[in-house]
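User: I would like to learn how to read a structure with several chains. Could you take me through one, feature by feature?

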Amino acid sequence: MLMEPVIKTAFPFVVTAVAVLIAFQMVLMIVAYTVLAERKVLGWIQGRIGPNRVGPWGVLQPFADLLKFIFKEDLVPDKSTKFIYFLAPMVALVCALMPMVVYPFGPAITSVDWSFLPYGLGEGIRTLPLTIAQIDVGVLFVLGITSVGVYGIALAGWSSNSKYSLMGGLRSSAQMISYELALGASVIGVVMLAGTLDLGGIIYAQQTSTFRWFIIPQFVGFIVFLIAAFAETNRVPFDLPEAETELVAGFHTEYSALKFALFFMAEYVNMFTVSVMCTVLFLGGWYVPGLSHIFEPGTIPYALVSHFAFIGKICAFLFFYIWVRGTLPRFRFDQLMNFGWKFLLPVALANVIVTTVVVFFLNR
Amino acid sequence: MASTALFFLFAGFAIMCAISMVYHKNPLYSAISLVGVFISLSCIYVMLAAPFIAAVQILIYAGAIMVLVVFVIMLLNLDDQGTKNRLRYLWALGGGLGVVLLVQTLFIFYAVMKAPQQASDQSVSVGKTLSIGQSMYTVYLLPVEIVGVLLLMAIIGAVILARRLSQPQLELVVDQELDRRNETELENEYRVEL
Amino acid sequence: MEPSLASYLALSGVLFTIGTVGVIFKRNALGMFMCIELMLNAVNLTFVAFSRYYGDVVGQLFVFMVMSVAAAEAAVGLGIIIAFFRNRLSIDVDDASILKN
């Protein structure tokens, strides 16, 4: 009986911690198998089979890669600034993983009565939201954390004390901050249509709108977001700063073993983040039109099917990333900067103006 | 109880990062410490029920302004600044000003006793984006427009400051400089002959 | 039990003090710029604290203006620092003394 107040106060923290662990595990698994999927899909595009030795169809390959990274020798360049050298991959990975707390993984479950929990913990609780933190400014939070992620790359390039790393780091950071503007501007149209910055609210607005998914009225915004997302995550066709044939390996030239694994993971988690944002903003997140006729909204089967639809849409975008990598050549750096500032940003701003005018006249 | 502990945590982190920023001579360490200050201030804004300002603080200060500063440090290849002989009276001035400001800070505790101690209840909705947006575009439209013009001025100013002269303009400037130097040489020659 | 208004104002005062002392003691133009940004942030904290405790949105709106002005100042100030550096290869403010007799 002494334990009861302790359990009552600690319960919300325990629930949040368990939710964070589950989401973290899911993100890591998806990222690990994205690495494998990239190698296999690239192989198929290039007319060969990807890795298939470790486990059937290579499904144990990510674990083999992880073991390899752990056992590699950890080299630290002699003249580098040690503190910043160790800080940079941590910053990159933390800023890549933090947006995970605002993703709406599924619809809220309202059909379960929680009074079976002991100590009266479930009294009066009717809904279980499938988001870890429902904050009012979800879109701004994700954009802000992505902006802070630039530090990981810039500091990595600087602290390695090598000219390839510095050039690669500066170019990569310049590219990322240039395309952040187009990324943010393309989101404004969606936010205007939805009327809220909350990710759960945006999905709710897509449920109640006449177009169901915002990709239909905001087609230009979707294209701009997709292109800016490719540049934000340093992927082909915008991956000059880290292409192996151009700058050795760019900002992570001097990183080895586990620190390189952190950068590697950070890049794929960034891909996952922009895929989730694209899905939530333009493809309705977990919302499948017509599913509410089959299952009752708020029940567990509805939530499960919606969640798997969400994961399916994210995997479609990740496949699209890998497909583009196998298909397109890369931009030169000055072409890249010209494209970002002189074409993509004006198009995004024009989209904002047109959306403003249309929304104003529709609401009159 | 939890909010007091959180406040002391964030406040302590902010003050530690601020002192670290002033202490380090290497400008890159100062910049990283300042980013730490901004992030802890953003957490304090969330505690003050201002989520929009917190997100905008991360976006603008930590994500844009400090990235520019870090770029400048890397491009100019700045290193540790060695110590020189600073004018002695500045130590006294700086120390004195610091003490005066700290005393004023402690005076706040006395002065605020007359202010309301509990936050007013309806102020939780003040920080939401809807409320800020509504007041920004109806009551306070003029400052927003002025800030827009100010940012345009800053963009134009930055572009002009950072441009390099094109080749014909560069030749013009060099020619003018050579003419000026040749003039003074000719004058000196005349003076010697006289 | 929430921290009272005085705690937030005291934190803001301490940060402002550290920023002022930093501006006086730093010889690096970039260092002085960063200390000024710290002072601006201390003032922002004051505005947001008052906005919370009086329930008025104008405090947070003013913080938004201050942030925009700080961004504009950063752009132009860093441009000036770069132009200064191009000519004399150091950003020590003691070197900017040509107009001294």
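Analyst: What follows goes from the chains to their contacts and then to one pair of helices. This is a predicted model, in which local features need pLDDT of at least 70, side-chain atom pairs count only at pLDDT 80 or more, and totals for chains, interfaces and linings use all residues. Residues are numbered from 1 along each chain as its sequence is written, and chains are lettered from A and ligands numbered from 1 in the order in which they are written.

User: How many helices and strands does chain A have?

Analyst: Helices (H or I, at least four residues) and strands (E, at least two) are DSSP runs, numbered from the N terminus. Chain A has 12 helices and 0 strands. Chain C has 3 helices and 0 strands, in the order α-α-α along the sequence.

User: What does the radius of gyration say about chain A?

Analyst: For 364 residues, a compact globule would have a radius near 21 Å; chain A has 22 Å, which agrees. The C-alpha trace of chain A spans about 60 × 60 × 40 Å along its principal axes. For chain C, with 101 residues, a compact globule would have a radius near 13 Å, but the chain has 17 Å. The C-alpha trace of chain C spans about 55 × 25 × 25 Å along its principal axes.

User: Is Gly290(A) buried or exposed?

Analyst: A residue is buried if 20 or more other C-beta atoms lie within 10 Å of its own, exposed if 12 or fewer, and partly exposed in between; the C-beta atoms are placed from the backbone. Gly290(A) has 7 C-beta neighbours inside 10 Å and therefore counts as exposed. Gly290(A) sits in the loop between helix H9 (257-282) and helix H10 (291-294) of chain A. Of the 364 residues of chain A, 41% count as buried; of the 101 residues of chain C, 54% do.

User: Which pair of chains has the most contacts?

Analyst: Two residues are in contact if their C-beta atoms, placed from the backbone, lie within 7 Å. Among the 2 pairs of chains that touch, chains B and C have the most contacts. Chain A and chain C do not touch, and their nearest C-alpha atoms are 14 Å apart.

User: Which helix gives the most to the side of chain A that touches chain B?

Analyst: On that side, H4(A) gives the most, with 6 residues. By class, the side of chain A that touches chain B has 14 nonpolar, 3 polar and 1 charged residues. Here Ala, Val, Leu, Ile, Met, Phe, Trp, Tyr, Cys and Pro count as nonpolar, Asp, Glu, Lys and Arg as charged, and the others, Gly among them, as polar.

User: Where do H6(A) and H3(B) meet, and how do their axes cross?

Analyst: Two packed helices are described by the angle between their axes and the distance between the axes. Axes are lines fitted to C-alpha atoms, for helices over the stretch in contact, and angles run from 0 to 180 degrees between N-to-C directions. The axes of helix H6 (residues 163-194) of chain A and helix H3 (residues 51-76) of chain B come within 12 Å and cross at roughly 155 degrees. H6(A) and H3(B) are therefore roughly antiparallel to each other; angles under 35 degrees count as roughly parallel, over 145 as roughly antiparallel, 65 to 115 as roughly perpendicular and the rest as oblique. In the contact, Leu166(A), Leu170(A), Ser173(A) and Ile177(A) meet Val67(B), Phe71(B) and Met74(B).

Note on methods: Rg over C-alpha atoms; globule rule 2.2 N^0.38 Å.
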